[in-house]
Amino acid sequence: MSDSKSKTTAIVDAMMSKDYFSQWLGIERLEEKEGFCKLRMTVRREMCNGFEIAHGGISYSFADSALAFASNSHGRHAVSIETSISHIKPLKTGDIIIATAEEKSRSNKMAIYDVRVEKENGELVALFKGTVFRKETEWNV
């Protein structure tokens, strides 16, 4: 790892390199630091359901990726054990959305994160909460 690249960035690089679903979503990383992650993506036509709005699984998966990156940022493998989402506003093809994951609580074994999903203009579209289990396994980056 070079001095110019943070350990958090190296961890997220390693995760993204094998995270084919996040790659399919078209996720762009905006910011990552310990306990925090900010992502951007654009809703595509094939992500929409019969109502011509984004399938709920799209914003859910987007928020879940932000959770994964933020919760692994401390250097230990973390996996979700409980997640939930409240969909507030519908999304349509072409909408650009931002997910911001923030750590709310962290202990040796568990951590809790809130993820806000907003349109690029700041309009709130979903609130996601995730609890993760922090394994003993360290990221080797």
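Which residue in S4 is the bridge partner of Leu39? That partner is Ala99. Please bear in mind that this is a predicted model.

Strand S1, residues 28–33, and strand S2, residues 36–42, pair in the antiparallel sense over five bridges. Their hairpin has two residues between the strands, and Gly35 there takes a positive phi near 75°. On the S4 side, S2 pairs with residues 96–106, again antiparallel, over seven bridges.

Let us turn to the whole sheet. It is open, with six antiparallel strands in the order S1-S2-S4-S5-S6-S3. S1 and strand S3, residues 76–87, are at the edges with a single partner strand each, so one side of each has no neighbour in the sheet. On average, neighbouring strands are turned by 20° against each other, direction ignored. Helix H1 packs on the sheet, touching S1 and S6, and its direction makes about 140° with that of S1. H3 also packs on the sheet; it touches S2, S3, S4, S5 and S6, at about 145° to the direction of S3.

Finally, the core. The largest nonpolar core has 33 residues, and among the members that touch the most others are Leu39, Phe62 and Ile97. H3 provides the largest share of this core, seven residues. Beyond its neighbours within four places in sequence, Ile97 is in contact with residues including Leu39, Met41, Phe62 and Val117.

Definitions and conventions: Residues are numbered from 1 along each chain as its sequence is written. This is a predicted model: local features need pLDDT of at least 70, side-chain atom pairs count only at pLDDT 80 or more; totals for chains, interfaces and linings use all residues. Side-chain values use heavy atoms; hydrogens and water are left out. Two strands pair if DSSP finds at least two bridges between them. Helices (H or I, at least four residues) and strands (E, at least two) are DSSP runs, numbered from the N terminus. A nonpolar core is a set of buried Ala, Val, Leu, Ile, Met, Phe, Trp, Tyr and Cys residues joined through side-chain atoms within 4.5 Å. Buried means under 20% relative accessible area, exposed over 50%, partly exposed in between (1.4 Å probe, protein chains only). Contact means heavy atoms within 4.5 Å. Axes are lines fitted to C-alpha atoms, for helices over the stretch in contact, and angles run from 0 to 180 degrees between N-to-C directions.
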